[in-house]
Amino acid sequence: MLTSPEMTARTADLDEDVVLEVQDLSLDFRLRTEVLHAARNVNLKLRRGKTLCLVGESGSGKSVTARALMHIIDRNGAIAGGRILLKDQKGDIDIATLDERGKELLSIRGGRIGLIFQEPMSSLSPVHTIGSQIIEAVRLHSRMNKSEARERTIDLLRQVEIPNPDKMVDRYTFEFSGGMRQRAMIAMALASDPDILIADEPTTALDVTTQAEILDLIKRLQESRSMAMLLITHDMGVVAEVADEVAVMHFGRIVEFGSVDEIFYTPKHAYTQRLLDSTVKLEQNRRAATRVETPVGQEIILSARNLTKVYGATKGWLGGKSFALKAVDDVSFDLRAGENLGIVGESGSGKTTLGRMLLRTVEPTSGDVTFFGQEAPVEVTGLSKRGLRDFHRQVRLVFQDPFASLNPRMTVRDIVGDPLVVASTLSGKALDDRVAELLELVGLDPAMRERYPHAFSGGQRQRIGIARALALDPRIIIADEATAALDVSIRAQILDLLLSIQKRLDLSFIFISHDISVVRYFCDRVAVMHRGKLVELGTAEQICTAPREAYTKSLISAVPNPDPRNKRMMHRTRFRA
Amino acid sequence: MLRYVIKRILYMIPTLFGLSLIAFMIIQLPPGDYVTSMIASMQDSGANVDPRQVERLREIYGFNDPIWVQYFKWISGILLRGDFGYSFEWNRPVAELIWERMGSTLAISIASLLFVWAVALPIGIYSAVRRHTVGDYFFTLVGFVGLAVPNFILALALMYFSYRYFGQSVGGLFSPEYVEAPWSWGKFVDLLGHLWIPIIVIGTSGTAALIRVLRANLSDELHKPYVITAKAKGLPGYKVVLKYPVRIALNPFVSAIGWVLPELISGVTITAIVLNLPTAGPLLLRSLISQDMYLAGSFILLMGVLTLIGMLVSDLLLALLDPRIRFT
């Protein structure tokens with residue numbers, strides 16, 4: 001943390017720009033057995049027209065701090081100390097001391113401070129129209145009548161670039177895409193021209209191209225209204241693209257504070273350095289360094305030919321019309337032995353369906369999958385149930401959500417040993433030894449095998465999931481967004497773990513991800529999918545540095561670059577189709 | 001929306017046909033018919049029954065026809081002439097009997113439904129918002145007691161207390177002097193004086209169940225991000241709760257209408273008998289015991305129709321309440 005003389009020296013000359021100042025803010029939450037200090041002695045200053053990024057990993061207390069600025073705190077929490085000073089013509093207002101039900105606080109919420117947050121799917125009410133929710137926000141802070149407020153709402157929707165705002169105002173949230181909902185959310189936050197905008201992970205749940213558009217929009221609106229912005233994120237790429245100043249939060253404390261340039265080029269605190277290292281590390285192709293030899297001319301282990309999956313298109317009972325959706329459209333590729341093949345694309349591009357069809361947990365509408373194991377080539381699409389079971393022994397899946405994919409009522413030993421029990425290959429002491437060996441392989445202490453999944457962190461759980469996938473000595477592992485739910489530093493660890501395991505065991509990976517940096521780090525070749533079609537297939541280097549297709553270009557250029565001196569996203573190529 | 005309603009009503013036609021078949025089959029299932037049970041009771045009282053006369057009775061009532069002819073006669077009467085047949089036991093048209101009881105049945109049903117909502121809604125909201133507080137525990141306890149106590153015991157207890165402490169003549173819907181009297185202000189006040197016991201008795205278990213459902217639903221909804229969005233707009237706390245999460249947690253309330261209607265007719269028979277209420281329940285029971293087939297069949301059919309109507313109403317209300325249902 002910065003010592004106070006240093007901070008006063010830095011900010012003395014700019015004090016009139018400050019619109020909100022947080023002094024020594026501490027937040028406590030009463031838990032069942034203890035008191036959790038979610039934030040301790042946090043100091044922040046928000047300046048007019050400037051963006052302050054609050055970065056940190058999950059659980060560091062960033063979101064709680066941001067909500068506390070509007071005095072929105074869960075019932076078991078309280079402000080334990082410190083002041084939140086909102087600058088006003090009449091003097092400073094300390095939000096921390098305001099009455100929860102008081103008029104003053106309500107006029108600040110939404111009136112002076114606007115909030116946007118992460119889940120575009122659930123942060124708007126599903127049973128009210130977009131318009132009614134924004135009109136409500138408009139009328140809470142002004143004396144407009146209904147039709148004036150409606151006009152104002154339509155105008156706001158126009159400002160956030162929603163097409164046909166006069167029609168969309170009467171639509172419901174579920175008729176909006178994720179990016180559109182986030183735009184509507186921004187319009188609501190701007191309803192009464194706030195001085196301060198708090199954006200809590202506003203783009204985390206969005207695709208890269210949508211993320212670029214939304215950040216772009218927020219940035220432009222902020223500049224034209226000279227609002228102060230507090231942007232909370234865990235993505236250092238986003239920080240580099242939009243921040244003026246950065247505060248790094250770790251276990252409820254601000255460990256480092258400085259301009260974006262200082263943080264990225266002369267980080268002082270060890271945690272900041274670690275955070276940057278794991279981000280920058282993902283910018284390289286680690287695979288190129290660890291690869292034994294080039295996979296050219298190697299044998300093919302799995303090949304897909306003309307895979308297509310069509311959903312819908314069945315006739316309704318009363319002859320109602322239904323439309324067909326081509327989730328995967330005529331995709332062909334080969335996976336070579338020992339190769340890592342990445343499949344990238346935005347949500348809805350069909351990458352998960354493709355992964356499922358390779359395993360035949362989703363039946364392909366047409367096309368073939370051929371597996372070249374030790375014995376004769378196997379036509380996966382024509383396998384019987386028993387044959388499919390053997391195939392699944394050689395091709396395993398690692399899931400996205402490390403919290404949902406482990407049965408909470410089974411011990412780690414049972415979870416990891418389960419495939420062995422199902423395949424009835426091992427039992428008793430031999431099974432126990434094998435589980436211990438697998439846990440050691442993924443870097444977990446075998447002594448922990450009696451414990452239940454809840455005792456482990458996200459990264460550790462993903463390791464357990466990997467150990468389970470490795471139990472039957474598979475040839476291929478299909479990893480579907482295996483690192484998407486993990487923090488940046490853990491993400492790099494898990495990828496390194498997979499690479500080191502691959503070196504020891506003869507494995508091939510199909511790595512499905514929306515995160516281009518992860519794929520670049522991990523894969524030899526990358527397949528880009530867009531609307532069910534395989535758009536481009538090439539080496540990781542080529543796709544990331546010299547993409548050929550227009551769609552790939554727009555996708556790559558939308559990825560935020562973790563270098564504040566070289567902002568990439570704002571000058572991205574746009575793809576129209 | 002209109003298309004949806006029309007579609008739903010069209011779908012009801014085959015269901016109703018099935019229902020009428022089942023209703024008719026149920027009343028034909030027990031061995032014997034009304035004449036058999038009439039002869040049995042006549043023999044019990046020592047009367048001599050002439051077999052020829054019995055045969056003549058069967059002829060008149062049409063019991064010798066094949067079953068499908070009987071069904072056809074019955075259903076065509078209902079559809080073409082609104083004639084539900086003739087009650088052997090009461091010697092009156094079934095329709096007359098049913099309509100006579102329907103008014104009081106509906107009055108009690110609707111009043112209990114309103115009572116259930118009026119009590120369950122505020123308590124459910126309170127319990128969810130102030131979860132794990134003394135107030136919540138108190139209402140939870142009361143709710144479970146309400147669920148656990150059988151209706152008829154509650155009815156007896158309330159009858160005793162109102163007789164002992166208010167000196168009221170309990171049972172029935174009216175005091176003896178008003179039963180045959182024409183409607184007047186006095187009669188109405190008298191009705192209110194009697195109505196509260198059946199309403200409380202019939203409503204308690206439903207109230208308790210709905211409180212639990214609402215508490216569970218609302219507790220989930222209260223932690224959804226859209227609640228924070230509403231708070232961040234500057235909406236006062238109580239409005240935030242009422243406008244957003246409560247609105248979504250209301251769905252089970254509306255879905256309940258579907259089964260509340262038939263439940264109130266058949267489910268509270270015991271209560272109605274204990275309280276001597278002139279509702280449909282006791283009449284249905286009596287007709288089933290005496291194999292008064294047209295009356296029983298009509299009741300079963302009517303309950304099926306009420307279930308269908310209740311479901312339709314609750315589906316339409318749900319669609320009004322929740323646009324996600326409307327559009328899919």
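In the predicted model described here, R525(A), A527(A) and M529(A) point one way from strand β19(A), whereas V526(A), V528(A) and H530(A) point the other way, and all are buried. A residue counts as buried if 20 or more other C-beta atoms, placed from the backbone, lie within 10 Å of its own, as exposed if 12 or fewer do, and as partly exposed in between. Because 6 of the 6 residues of β19 (residues 525–530) of chain A are buried, this strand is largely enclosed by the rest of the structure. In a regular strand the side chains alternate between the two faces of the sheet. Strands are DSSP runs of E with at least two residues, helices are runs of H or I with at least four, and both are numbered from the N terminus.

Residues are numbered from 1 along each chain as its sequence is written, chains are lettered from A, and ligands are numbered from 1, in the order in which they are written. As the model is a prediction, local features require pLDDT of at least 70 and side-chain atom pairs count only at pLDDT 80 or more, while totals for chains, interfaces and linings use all residues.

Strand β19(A) runs parallel to β13 (residues 340–344) of chain A, to which 4 bridges join it; two strands are taken to pair if DSSP finds at least two bridges between them. Within this pairing, R525(A) is the bridge partner of L341(A). With β20 (residues 533–539) of chain A, β19(A) pairs in the antiparallel sense over 6 bridges, and H530(A) stands opposite K533(A). The hairpin of β19(A) and β20(A) has 2 residues between the strands, and R531(A) takes a positive phi near 50° there.

Strand β13(A) is also joined by 5 bridges to β18(A), and these two strands run parallel; here N340(A) stands opposite F509(A). Strand β18 (residues 508–513) of chain A is mostly covered, with 6 of its 6 residues buried. S508(A), I510(A) and I512(A) point one way from this strand, and F509(A), F511(A) and S513(A) the other. A further 5 bridges connect β18(A) with the parallel strand β17 (residues 476–480) of chain A, and A479(A) has F511(A) as its bridge partner. The chain passes from β17(A) through helix α18 (residues 488–504) of chain A to β18(A) in a right-handed β-α-β crossover, that is, with the strands pointing away from the viewer, the path from the first strand over the helix to the second runs clockwise.

Elsewhere in chain A, 6 strands form an open sheet of mixed pairing in the order β6-β7-β8-β3-β9-β10. Its edge strands, β6 (113–117) and β10 (253–259) of chain A, each pair on one side only. Strands β7 (residues 196–200) and β8 (residues 228–233) of chain A pair in the parallel sense over 5 bridges, and I196(A) stands opposite A228(A).

Chain A as a whole has 21 helices and 20 strands. Of its 577 residues, 46% count as buried. Its C-alpha atoms fill a box of roughly 85 × 60 × 45 Å, taken along the principal axes.

Between the chains, 18 residues of chain B are in contact with 24 residues of chain A, a contact being a pair of residues whose C-beta atoms, placed from the backbone, lie within 7 Å. On the side of chain B that touches chain A, the largest share, 7 residues, comes from α9(B).

Technical notes: Contact = placed C-beta atoms within 7 Å.
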